[in-house]
Amino acid sequence: MLRAHVMPHSAIRPLVAVLNGPNINMLGLRQPELYGRATLDDVEALCAEAAEDVGLAIDFRQTNGEGELVTWVQECRGRAAGIVINPAGFTTTSVALLDALLATDLPVIEVHITNIHRREPFRRESYVSLAATGVICGLGVRGYAMALQAMADILEEHR
Ligand code: DHK
């Protein structure tokens, strides 16, 4: 008997961009008491597994550059079915990122590893939330997996 994970997939999997902003490449080293010990590679593997489980394909990326992140978001239009984004330090500063997300016309799930409501007040003022279908924060890197599960449901609802 075929096991579930070796079953062939008949349908083409919707592509979800999983985009990460500045300093997320420092995961594992950076303030582990807040961000945990998982590295960016671990998060990519976790996302690949979560996506596989819910029938999505992912394009997982990280950049420290605001312009590059804006360009990647723009490129999602017509290419991806949805966006999961941890905008990191650009969350509270980037009108350009907000405008790019709004221009994609795609479902967006904003992820923060830490509970931004339990930290400095400035971390709560998210421009990105103005374009987000939903926000997950404070649940560690498992928030990415949860975001992909929610995205699969959202895409299914809109099919
Ligand atoms: C990551 C960052 O780099 C911070 O700038 C945000 C976010 C919080 C996170 O929790 O993943 O304020």
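Helix H2 (residues 40-54) lies across E1 and E2. Its direction is about 165° to that of E2. Contact here means heavy atoms within 4.5 Å. Angles run from 0 to 180 degrees between N-to-C directions, with axes fitted to C-alpha atoms, for helices over the stretch in contact. Helices (H or I, at least four residues) and strands (E, at least two) are DSSP runs, numbered from the N terminus.

The model is predicted: local features need pLDDT of at least 70, side-chain atom pairs count only at pLDDT 80 or more, and totals for chains, interfaces and linings use all residues. Residues are numbered from 1 along each chain as its sequence is written, and side-chain values use heavy atoms, without hydrogens or water.

Now the sheet. Five strands form an open sheet in the order E2-E1-E3-E4-E5, with parallel pairing. Strands E2 (57-62) and E5 (134-137) are at the edges with a single partner strand each, so one side of each has no neighbour in the sheet. Neighbouring strands are turned by 15° against each other on average, direction ignored. Pairing requires at least two bridges found by DSSP. E1 (residues 15-20) and E2 pair in parallel over six bridges.

Next, the packing. The largest nonpolar core has 27 residues, of which Val84, Ile109, Tyr144 and Leu148 touch the most other members. Such a core joins buried Ala, Val, Leu, Ile, Met, Phe, Trp, Tyr and Cys residues through side-chain atoms within 4.5 Å. Buried means under 20% relative accessible area (1.4 Å probe, protein chains only). Helix H5 (142-157) is among the suppliers, and H5 gives the most, eight residues. Beyond neighbours within four places in sequence, Leu148 contacts residues including Val16, Cys47, Ile58 and Val84.

Notes. Buried means under 20% relative accessible area, exposed over 50%, partly exposed in between (1.4 Å probe, protein chains only).
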